[in-house]
Amino acid sequence: MLRLGRCVCPKCGRENHGEGCLGTASQCVCGYWFSCSELDKVRLYWILQLCLCFSMTILFISLALFCDELPDGSWERFLSPQLQIPAISTFVVSYRALIRHKRKIANDEQLLRSFTWGVCVMTIAIFTAIIRVHRWH
Ligand SMILES: [Zn+2]
């Protein structure tokens, strides 16, 4: 699983993935305290990664759905509001929902599970979109 955000303990070198609620500090097994701002950076990075995954999923689903109504050029197609509006609103909505979730729930298990689902659905959506686009031209 891709988990790019992490901070390394300066004392023992162990990696910390920023689990725990937003705005809380956390202690490494060696006794070093990670500051809450240090961990929040990692947590926000992780949340952004999830939001990006969800909005990409929606982008490809809309590409598959509206394929024949979209303009011809690849950039015009990519930037058309039919794709961008659902993708951007998914990003905003999931960002707000995840921030709220992460303020209350320390465990990342649910987030990881939804990320895995997001990646699966995104893969299916990408292939569907590719097949649709190729069939149309
Ligand atoms: Zn440590």
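A residue is called buried when its relative accessible area is under 20%, exposed when that area is over 50%, and partly exposed in between. Aspartate 40, at 17% relative accessibility, therefore counts as buried. Keep that scale in mind as we walk through this predicted model.

**Salt bridges**

Side chains of opposite charge can pair when their charged atoms come close. In this structure the count comes to four salt bridges, and three of them are set out here.

| Salt bridge | Closest N and O atoms |
|---|---|
| Arginine 43 and aspartate 40 | 2.8 Å apart |
| Arginine 132 and aspartate 68 | 2.4 Å apart |
| Arginine 113 and glutamate 109 | 3.6 Å apart |

Aspartate 40 has arginine 43 as its partner, and arginine 43 is buried too, with a relative accessible area of 0%. These two residues are three apart in helix α1, so about one helical turn separates them.

Arginine 113 and glutamate 109 are also about one turn apart, four residues along helix α4. Here the setting is partly exposed: arginine 113 has a relative accessible area of 48%, and glutamate 109 stands at 49%.

Which parts of the chain does the pair of arginine 132 and aspartate 68 link? Arginine 132 belongs to helix α4, while aspartate 68 sits in the loop between α1 and α2 (74-79), so the bridge joins distant parts of the chain, 64 residues apart. Arginine 132 is partly exposed at 31%, and aspartate 68 is partly exposed at 33%.

Cysteine 9 comes from the loop between β1 (7-8) and β2 (15-16), and cysteine 28 from the loop between β3 (26-27) and β4 (33-34), 19 residues apart. Both of these cysteines are buried, cysteine 28 with a relative accessible area of 9%.

What about disulfides? A search of the whole structure finds zero. Cysteine 21, for instance, is in no disulfide, and its nearest cysteine sulfur, in cysteine 36, is 12 Å away. Cysteine 21 counts as buried, at 15% relative accessibility.

**A nonpolar patch**

Ile61, Leu65, Trp117 and Val121 make a nonpolar patch of about 410 Å². Helices α1 (36-66) and α4 (109-136) each give two or more residues to this patch. Valine 121 lies in helix α4 and is partly exposed, at 34% relative accessibility.

How values were computed:
Residues numbered from 1 in each chain as written. Predicted model: local features only at pLDDT ≥ 70, side-chain atom pairs only at ≥ 80, totals over all residues. Heavy atoms only, no water. Buried < 20%, exposed > 50% of the residue type's maximum accessible area, 1.4 Å probe, protein only. Patch = residues over 30% accessible without salt bridge, like charges linked within 9 Å, V, L, I, M, F, W, Y side chains within 5 Å. Areas by Shrake-Rupley, 256 points an atom, 1.4 Å probe, with all protein chains shown as cover. Salt bridge = Lys/Arg side-chain N within 4 Å of Asp/Glu carboxyl O. Disulfide = S-S within 2.5 Å.
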